[in-house]
Amino acid sequence: MSELHISISAQPIFNLGPYEVTNTMLVSLAVSLVLVLLALNFLRLLKKNPQTRFVVVIQTLIESFYDYVLSIAPHHARKFFALTASIFLFVLLGSWAGLLPGAETIGLNRVYRGQVEFVPFLRGATADLNMTLGLAIFVMVSIQLYGYKQLGLKYFKKFFNLTNPMNMFVGFLELISEFAKVISFAFRLFGNIFAGEVLLAVIAFLIPVVASLPFIGLELFVGFIQALVFASLALVFANLAVTSHH
Amino acid sequence: MEGSNDLVVGLTIAIGGFGPAIAIGLIVSKALESIGRNPEAAAKIQTVMILGVAFAEAIAIYSLVTALILKFV
(Lines give C-alpha, C1' and ligand atoms only; values in the text may rest on other atoms or scores of the structure.)
Protein backbone atom coordinates (compact mmCIF):
# COMPACT_ATOMS: atom_id res chain seq x y z
CA MET A 1 0.00 0.00 0.00
CA SER A 2 3.03 2.27 -0.10
CA GLU A 3 2.13 3.66 -3.54
CA LEU A 4 -1.32 4.86 -2.48
CA HIS A 5 -1.07 8.63 -2.18
CA ILE A 6 -3.54 10.21 0.24
CA SER A 7 -2.90 13.49 2.01
CA ILE A 8 -5.56 14.88 4.31
CA SER A 9 -4.29 18.45 4.01
CA ALA A 10 -3.35 20.49 0.98
CA GLN A 11 0.36 20.44 0.21
CA PRO A 12 2.47 23.48 -0.67
CA ILE A 13 3.76 23.63 -4.25
CA PHE A 14 6.14 26.51 -3.71
CA ASN A 15 6.93 29.14 -1.13
CA LEU A 16 6.23 32.82 -1.64
CA GLY A 17 8.40 34.44 0.99
CA PRO A 18 7.14 33.17 4.35
CA TYR A 19 3.85 31.92 2.82
CA GLU A 20 3.26 28.46 1.45
CA VAL A 21 1.24 28.40 -1.77
CA THR A 22 -0.73 25.15 -1.73
CA ASN A 23 -2.30 23.29 -4.62
CA THR A 24 -5.85 24.04 -3.42
CA MET A 25 -5.07 27.76 -3.36
CA LEU A 26 -3.99 27.60 -6.99
CA VAL A 27 -7.13 25.68 -7.95
CA SER A 28 -9.46 28.05 -6.10
CA LEU A 29 -7.78 31.03 -7.78
CA ALA A 30 -8.24 29.33 -11.15
CA VAL A 31 -11.91 28.59 -10.39
CA SER A 32 -12.52 32.23 -9.40
CA LEU A 33 -10.77 33.37 -12.57
CA VAL A 34 -12.95 31.10 -14.72
CA LEU A 35 -16.11 32.40 -13.03
CA VAL A 36 -15.04 36.04 -13.46
CA LEU A 37 -14.18 35.51 -17.14
CA LEU A 38 -17.51 33.75 -17.74
CA ALA A 39 -19.37 36.63 -16.07
CA LEU A 40 -17.51 39.30 -18.05
CA ASN A 41 -18.04 37.44 -21.31
CA PHE A 42 -21.73 37.00 -20.49
CA LEU A 43 -22.14 40.71 -19.76
CA ARG A 44 -20.37 41.73 -22.98
CA LEU A 45 -22.44 39.38 -25.15
CA LEU A 46 -25.67 40.30 -23.36
CA LYS A 47 -25.24 43.96 -24.37
CA LYS A 48 -24.24 43.12 -27.93
CA ASN A 49 -26.47 40.20 -28.88
CA PRO A 50 -28.72 38.51 -26.29
CA GLN A 51 -29.69 35.67 -28.66
CA THR A 52 -26.32 33.89 -28.55
CA ARG A 53 -26.44 30.28 -27.38
CA PHE A 54 -23.94 31.00 -24.59
CA VAL A 55 -26.08 33.84 -23.21
CA VAL A 56 -29.26 31.79 -23.33
CA VAL A 57 -27.66 28.83 -21.51
CA ILE A 58 -26.23 31.02 -18.74
CA GLN A 59 -29.51 32.89 -18.41
CA THR A 60 -31.44 29.63 -18.06
CA LEU A 61 -29.08 28.42 -15.33
CA ILE A 62 -29.27 31.70 -13.42
CA GLU A 63 -33.04 31.89 -13.77
CA SER A 64 -33.64 28.35 -12.54
CA PHE A 65 -31.44 29.01 -9.52
CA TYR A 66 -33.33 32.25 -8.90
CA ASP A 67 -36.61 30.32 -8.96
CA TYR A 68 -35.13 27.91 -6.41
CA VAL A 69 -34.12 30.82 -4.14
CA LEU A 70 -37.59 32.30 -4.59
CA SER A 71 -39.21 29.04 -3.47
CA ILE A 72 -37.22 29.03 -0.19
CA ALA A 73 -37.12 32.76 0.65
CA PRO A 74 -40.04 34.38 -1.18
CA HIS A 75 -39.71 37.81 0.47
CA HIS A 76 -35.94 38.22 0.45
CA ALA A 77 -34.92 36.35 -2.72
CA ARG A 78 -33.40 39.44 -4.34
CA LYS A 79 -31.23 40.14 -1.28
CA PHE A 80 -29.86 36.62 -0.83
CA PHE A 81 -29.55 35.61 -4.47
CA ALA A 82 -26.08 37.06 -5.12
CA LEU A 83 -24.50 35.44 -2.04
CA THR A 84 -26.04 31.99 -2.45
CA ALA A 85 -25.58 31.82 -6.22
CA SER A 86 -21.89 32.70 -6.00
CA ILE A 87 -21.37 30.18 -3.20
CA PHE A 88 -23.17 27.53 -5.24
CA LEU A 89 -21.13 28.18 -8.39
CA PHE A 90 -17.82 28.40 -6.57
CA VAL A 91 -18.35 25.23 -4.51
CA LEU A 92 -19.64 23.37 -7.57
CA LEU A 93 -16.67 24.23 -9.79
CA GLY A 94 -14.24 23.90 -6.86
CA SER A 95 -15.40 20.34 -6.19
CA TRP A 96 -15.52 19.37 -9.85
CA ALA A 97 -11.99 20.72 -10.38
CA GLY A 98 -10.74 17.79 -8.32
CA LEU A 99 -12.19 15.38 -10.92
CA LEU A 100 -10.33 16.85 -13.87
CA PRO A 101 -7.92 14.47 -15.60
CA GLY A 102 -4.50 14.97 -14.04
CA ALA A 103 -5.79 16.28 -10.72
CA GLU A 104 -4.20 14.41 -7.79
CA THR A 105 -2.04 12.44 -10.23
CA ILE A 106 0.31 14.87 -12.00
CA GLY A 107 2.78 16.53 -9.69
CA LEU A 108 6.33 16.54 -8.49
CA ASN A 109 8.35 15.05 -5.67
CA ARG A 110 9.27 17.72 -3.22
CA VAL A 111 11.17 17.78 0.06
CA TYR A 112 8.60 18.73 2.67
CA ARG A 113 9.05 18.57 6.44
CA GLY A 114 12.29 16.71 6.06
CA GLN A 115 11.05 13.95 3.77
CA VAL A 116 10.38 13.56 0.06
CA GLU A 117 6.68 13.76 -0.68
CA PHE A 118 4.61 13.63 -3.83
CA VAL A 119 2.80 16.94 -4.36
CA PRO A 120 0.08 17.05 -7.05
CA PHE A 121 -0.42 20.33 -8.92
CA LEU A 122 -4.22 20.14 -8.80
CA ARG A 123 -6.47 19.22 -5.90
CA GLY A 124 -10.20 19.96 -5.57
CA ALA A 125 -10.56 23.43 -4.06
CA THR A 126 -13.09 22.26 -1.48
CA ALA A 127 -11.03 19.21 -0.46
CA ASP A 128 -9.17 21.51 1.92
CA LEU A 129 -10.49 22.22 5.40
CA ASN A 130 -9.09 25.78 5.31
CA MET A 131 -11.17 26.63 2.27
CA THR A 132 -14.43 25.18 3.62
CA LEU A 133 -13.89 26.71 7.07
CA GLY A 134 -13.25 30.09 5.45
CA LEU A 135 -16.43 29.80 3.39
CA ALA A 136 -18.43 28.74 6.46
CA ILE A 137 -17.16 31.66 8.59
CA PHE A 138 -17.86 34.09 5.76
CA VAL A 139 -21.41 32.76 5.36
CA MET A 140 -22.23 32.82 9.08
CA VAL A 141 -20.85 36.37 9.51
CA SER A 142 -22.86 37.63 6.55
CA ILE A 143 -25.98 35.97 7.99
CA GLN A 144 -25.47 37.92 11.26
CA LEU A 145 -25.07 41.12 9.21
CA TYR A 146 -28.26 40.42 7.24
CA GLY A 147 -30.11 39.87 10.51
CA TYR A 148 -28.74 43.10 12.02
CA LYS A 149 -29.57 45.11 8.90
CA GLN A 150 -33.13 43.84 8.82
CA LEU A 151 -34.06 43.88 12.52
CA GLY A 152 -31.55 46.31 14.04
CA LEU A 153 -30.44 45.69 17.63
CA LYS A 154 -33.58 43.59 18.12
CA TYR A 155 -31.76 40.83 16.23
CA PHE A 156 -29.34 40.25 19.10
CA LYS A 157 -32.24 39.69 21.50
CA LYS A 158 -32.23 36.16 20.08
CA PHE A 159 -28.89 35.55 21.82
CA PHE A 160 -29.00 37.82 24.88
CA ASN A 161 -32.43 37.77 26.41
CA LEU A 162 -32.44 38.62 30.12
CA THR A 163 -36.20 38.71 30.66
CA ASN A 164 -36.31 35.37 32.44
CA PRO A 165 -33.89 32.49 33.12
CA MET A 166 -35.50 30.23 30.54
CA ASN A 167 -35.06 32.75 27.71
CA MET A 168 -31.51 33.37 28.84
CA PHE A 169 -30.73 29.68 28.56
CA VAL A 170 -32.38 29.43 25.13
CA GLY A 171 -30.38 32.45 23.97
CA PHE A 172 -27.20 30.79 25.20
CA LEU A 173 -28.05 27.67 23.20
CA GLU A 174 -28.74 29.81 20.11
CA LEU A 175 -25.32 31.42 20.50
CA ILE A 176 -23.60 28.03 20.68
CA SER A 177 -25.56 26.73 17.72
CA GLU A 178 -24.24 29.60 15.55
CA PHE A 179 -20.71 28.32 16.16
CA ALA A 180 -21.79 24.72 15.71
CA LYS A 181 -23.21 25.68 12.31
CA VAL A 182 -19.78 26.92 11.20
CA ILE A 183 -18.17 23.60 12.15
CA SER A 184 -21.01 21.63 10.59
CA PHE A 185 -20.84 23.59 7.31
CA ALA A 186 -17.07 23.16 7.07
CA PHE A 187 -16.89 19.46 7.93
CA ARG A 188 -19.85 18.42 5.77
CA LEU A 189 -18.37 19.89 2.60
CA PHE A 190 -14.77 18.91 3.32
CA GLY A 191 -15.73 15.39 4.40
CA ASN A 192 -17.86 14.67 1.37
CA ILE A 193 -15.42 15.94 -1.23
CA PHE A 194 -12.32 14.53 0.48
CA ALA A 195 -14.03 11.16 0.99
CA GLY A 196 -14.82 11.17 -2.74
CA GLU A 197 -11.18 11.75 -3.61
CA VAL A 198 -10.07 8.97 -1.25
CA LEU A 199 -12.66 6.64 -2.80
CA LEU A 200 -11.42 7.44 -6.32
CA ALA A 201 -7.79 6.94 -5.25
CA VAL A 202 -8.54 3.59 -3.62
CA ILE A 203 -10.59 2.32 -6.59
CA ALA A 204 -7.92 3.42 -9.07
CA PHE A 205 -5.33 1.68 -6.87
CA LEU A 206 -7.25 -1.61 -6.81
CA ILE A 207 -8.40 -1.68 -10.46
CA PRO A 208 -6.43 0.80 -12.59
CA VAL A 209 -8.69 0.81 -15.69
CA VAL A 210 -12.38 1.56 -16.30
CA ALA A 211 -13.52 0.69 -12.74
CA SER A 212 -13.31 4.27 -11.46
CA LEU A 213 -15.54 5.59 -14.27
CA PRO A 214 -18.92 5.07 -12.51
CA PHE A 215 -17.43 6.51 -9.33
CA ILE A 216 -16.47 9.68 -11.18
CA GLY A 217 -20.14 9.97 -12.16
CA LEU A 218 -21.06 9.51 -8.50
CA GLU A 219 -18.59 12.21 -7.46
CA LEU A 220 -20.01 14.64 -10.04
CA PHE A 221 -23.41 14.07 -8.43
CA VAL A 222 -22.01 14.42 -4.89
CA GLY A 223 -20.26 17.68 -5.84
CA PHE A 224 -23.53 19.07 -7.21
CA ILE A 225 -25.57 17.96 -4.19
CA GLN A 226 -23.06 19.33 -1.70
CA ALA A 227 -22.90 22.68 -3.51
CA LEU A 228 -26.71 22.77 -3.46
CA VAL A 229 -26.84 21.80 0.22
CA PHE A 230 -24.26 24.44 1.17
CA ALA A 231 -26.12 27.16 -0.72
CA SER A 232 -29.59 26.08 0.50
CA LEU A 233 -28.49 25.92 4.13
CA ALA A 234 -26.95 29.39 3.87
CA LEU A 235 -30.22 30.56 2.35
CA VAL A 236 -32.40 28.91 5.01
CA PHE A 237 -30.30 30.28 7.88
CA ALA A 238 -30.25 33.75 6.33
CA ASN A 239 -34.01 33.61 5.89
CA LEU A 240 -34.41 32.61 9.54
CA ALA A 241 -32.14 35.45 10.64
CA VAL A 242 -34.15 38.17 8.90
CA THR A 243 -37.48 36.79 10.12
CA SER A 244 -38.57 38.52 13.31
CA HIS A 245 -39.43 36.07 16.09
CA HIS A 246 -42.29 36.32 18.62
CA MET B 1 -2.11 9.20 18.26
CA GLU B 2 0.33 6.33 17.89
CA GLY B 3 -1.89 3.84 19.68
CA SER B 4 -4.86 3.85 17.32
CA ASN B 5 -4.85 0.59 15.41
CA ASP B 6 -6.83 -0.56 12.40
CA LEU B 7 -9.57 -2.04 14.60
CA VAL B 8 -10.28 1.36 16.15
CA VAL B 9 -10.38 3.01 12.73
CA GLY B 10 -12.74 0.35 11.38
CA LEU B 11 -15.04 0.55 14.41
CA THR B 12 -15.18 4.35 14.19
CA ILE B 13 -16.68 4.33 10.72
CA ALA B 14 -18.71 1.16 11.32
CA ILE B 15 -20.50 2.49 14.41
CA GLY B 16 -20.66 6.01 12.96
CA GLY B 17 -22.28 4.72 9.79
CA PHE B 18 -24.93 2.75 11.66
CA GLY B 19 -27.18 5.65 12.68
CA PRO B 20 -27.13 7.53 9.38
CA ALA B 21 -27.90 4.29 7.50
CA ILE B 22 -31.12 3.87 9.49
CA ALA B 23 -31.90 7.58 9.14
CA ILE B 24 -31.51 7.54 5.34
CA GLY B 25 -33.66 4.43 5.14
CA LEU B 26 -36.43 6.11 7.13
CA ILE B 27 -36.23 9.33 5.11
CA VAL B 28 -36.42 7.59 1.75
CA SER B 29 -39.19 5.19 2.85
CA LYS B 30 -41.32 8.11 4.06
CA ALA B 31 -40.62 10.06 0.88
CA LEU B 32 -41.60 7.10 -1.30
CA GLU B 33 -44.76 6.64 0.76
CA SER B 34 -45.78 10.24 0.22
CA ILE B 35 -44.91 10.11 -3.49
CA GLY B 36 -47.16 7.06 -3.72
CA ARG B 37 -49.96 8.99 -2.07
CA ASN B 38 -49.48 12.15 -4.10
CA PRO B 39 -47.52 11.51 -7.32
CA GLU B 40 -47.94 15.11 -8.54
CA ALA B 41 -45.73 16.38 -5.71
CA ALA B 42 -42.89 13.98 -6.62
CA ALA B 43 -40.45 16.69 -7.78
CA LYS B 44 -40.92 18.77 -4.65
CA ILE B 45 -40.64 15.78 -2.31
CA GLN B 46 -37.50 14.58 -4.10
CA THR B 47 -35.69 17.90 -3.57
CA VAL B 48 -36.47 17.96 0.14
CA MET B 49 -35.66 14.27 0.44
CA ILE B 50 -32.20 14.76 -1.07
CA LEU B 51 -31.57 17.65 1.32
CA GLY B 52 -32.62 15.48 4.26
CA VAL B 53 -30.47 12.59 3.08
CA ALA B 54 -27.51 14.96 2.79
CA PHE B 55 -28.08 16.05 6.41
CA ALA B 56 -28.19 12.47 7.66
CA GLU B 57 -25.18 11.59 5.55
CA ALA B 58 -23.21 14.44 7.12
CA ILE B 59 -23.17 12.53 10.44
CA ALA B 60 -21.57 9.56 8.72
CA ILE B 61 -19.11 11.93 7.07
CA TYR B 62 -18.06 13.26 10.50
CA SER B 63 -17.09 9.78 11.62
CA LEU B 64 -15.42 9.18 8.26
CA VAL B 65 -13.30 12.29 8.77
CA THR B 66 -12.45 11.09 12.29
CA ALA B 67 -11.50 7.68 10.93
CA LEU B 68 -9.34 9.23 8.20
CA ILE B 69 -7.60 11.47 10.73
CA LEU B 70 -6.96 8.46 13.00
CA LYS B 71 -5.61 6.49 10.06
CA PHE B 72 -3.47 9.02 8.23
CA VAL B 73 -2.47 11.74 10.70
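In the predicted model, A:Gly107 belongs to strand 3 of chain A, which spans residues 107–112. With 19 other C-beta atoms within 10 Å, A:Gly107 is classed as partly exposed, because burial requires 20 or more such atoms. Beyond its neighbours within four places in sequence, A:Gly107 is in contact with A:Phe118, A:Val119, A:Pro120 and A:Phe121. The C-alpha atom of A:Gly107 also lies 7.9 Å from that of A:Leu122, a residue 15 positions away along the chain.

Read from the N terminus, the order of elements in chain A is β-β-α-α-α-β-β-α-α-α. Along the principal axes, the C-alpha atoms of chain A occupy a box of roughly 60 × 55 × 40 Å. Buried residues account for 28% of the 246 residues of chain A. Of the contacts in chain A between residues at least 6 apart in sequence, 65% link residues at least 24 apart.

Strand 1 (residues 12–16) of chain A pairs with strand 2 (residues 19–22) of chain A in the antiparallel sense, and four bridges are found between them. In one of these pairings, A:Asn15 has A:Glu20 of strand 2 as its bridge partner. Two residues separate the strands of the hairpin, and A:Gly17, located in the turn, adopts a positive phi of about 65°.

Helix 1 of chain A covers residues 23–48 and helix 2 of chain A covers residues 53–72; the two pack at an angle of about 115°, and their axes are 9 Å apart. The crossing of helix 1 of chain A with helix 2 of chain A is left-handed. Helix 1 of chain A contributes A:Phe42, A:Leu45 and A:Leu46 to the contact, while helix 2 of chain A contributes A:Phe54, A:Val55 and A:Ile58. Classified by residue type, this contact comprises six nonpolar residues, with no polar and no charged residues.

Although A:Val210 is not a glycine, its phi is positive, at about 60°. A:Val210 has 7 other C-beta atoms within 10 Å and is therefore exposed, the limit for that class being 12 or fewer.

Chain B contains two helices and zero strands. Its radius of gyration is 17 Å, well over the 11 Å given by the globule rule for 73 residues, so chain B is more spread out than a compact globule. The C-alpha atoms of chain B fill a box of roughly 55 × 15 × 10 Å along the principal axes. Of the 73 residues in chain B, 12% are buried. Among the contacts in chain B with a separation of 6 or more, 81% are between residues 24 or more positions apart.

The two chains meet through 12 residues of chain B, which are in contact with 12 residues of chain A. On the side of chain B that touches chain A, the residues comprise 12 nonpolar, no polar and no charged.

Key: Residues numbered from 1 in each chain as written. Chains lettered and ligands numbered in written order. Predicted model: local features only at pLDDT ≥ 70, side-chain atom pairs only at ≥ 80, totals over all residues. Axes fitted to C-alpha atoms, helices over the stretch in contact; angles between N-to-C directions. Left-handed = near helix turned anticlockwise from the far one by under 90°. Contact = placed C-beta atoms within 7 Å. Nonpolar A, V, L, I, M, F, W, Y, C, P; charged D, E, K, R; others polar. Pairing = 2+ DSSP bridges. Rg over C-alpha atoms; globule rule 2.2 N^0.38 Å.
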